[in-house]
Amino acid sequence: MNRLLIMTVGKTHSGKTTFANNLESILQQAVVIDQDNHAEFINKHYKKLRPKEGQNTLKFTVTNAIVEYATEQSNFDLILSNSNLNKPARSNVLRYFYDKGFKSIIVYFESPIEVLKERIEQSQRSKAIFRSASSFMEVLERQEKSKLDEPTEDEVDHLFVIKNQEEITEVIQKIKTISNIGTSLS
């Protein structure tokens, strides 16, 4: 059975979570794995266990356990809804899934900074995911200062770039077609 890994790549408020949730509702055999959900869970129930500084290893451990369970104990296609802006880290994740026989899709959200700032200003999104940032604007500023490794076609089986909202429906349809082809091959 050819399973799919669909990975979102993009800065905060670029539409990754909304896209992932919409895609999950359309694909029959898919589940979203979103680190923001894990961060919120940890912040609510295990705040004392969070690292005081540096990498949030607890969040990564929770995510890895869920990914491993979904990979080994289910037949679902997986939608990883995270920023995935760093190519070396992204490559490690992709390698894991390639070793498990998955086919890969990256959906890159290439949103202008002005659009992201406007979305942040209008956002009602919970800040319960934060460990060290105080606002989504601060998260965006950090992302702007860090190196962004735009995904390239040589990283994955399929790469889609979304530059505006009008392209979302078409990309979802293309992924649905790829998913249907994959299940017909199994």
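**Exercise 1.** Determine how helices α5 and α6 are oriented relative to each other in this predicted model.

*Solution.* Two packed helices are described by the angle between their axes and the distance between the axes. Helix α5 spans residues 113-122 and helix α6 spans residues 136-145. Their packing angle is about 160°, and their axes lie 9 Å apart. An angle over 145 degrees counts as roughly antiparallel. Helices α5 and α6 are therefore roughly antiparallel to each other. The crossing of α5 past α6 is right-handed.

**Exercise 2.** Identify the residues through which α5 meets α6, and classify them.

*Solution.* On the α5 side, the contact is formed by Ile113, Leu116, Lys117, Ile120 and Glu121. On the α6 side, the partners are Phe136, Met137, Leu140 and Glu144. Sorted by class, the residues of this contact comprise six nonpolar, no polar and three charged.

**Exercise 3.** State which residues of α6 are buried and where they lie around the helix axis.

*Solution.* Phe136, Val139, Leu140 and Gln143 are the buried residues of α6. These residues cover an arc of only 100° around the axis, so they lie on the same side of α6. The elements that cover the buried residues of α6 include α5.

Note on methods
Residues are numbered from 1 along each chain as its sequence is written. This is a predicted model: local features need pLDDT of at least 70, side-chain atom pairs count only at pLDDT 80 or more; totals for chains, interfaces and linings use all residues. Side-chain values use heavy atoms; hydrogens and water are left out. Axes are lines fitted to C-alpha atoms, for helices over the stretch in contact, and angles run from 0 to 180 degrees between N-to-C directions. Helices (H or I, at least four residues) and strands (E, at least two) are DSSP runs, numbered from the N terminus. Angles under 35 degrees count as roughly parallel, over 145 as roughly antiparallel, 65 to 115 as roughly perpendicular and the rest as oblique. A crossing is left-handed if the near helix is turned anticlockwise from the far one by less than a right angle, and right-handed if clockwise. Contact means heavy atoms within 4.5 Å. Ala, Val, Leu, Ile, Met, Phe, Trp, Tyr, Cys and Pro count as nonpolar, Asp, Glu, Lys and Arg as charged, and the others, Gly among them, as polar. Buried means under 20% relative accessible area, exposed over 50%, partly exposed in between (1.4 Å probe, protein chains only). The arc is that of the directions from the helix axis to the C-beta atoms.
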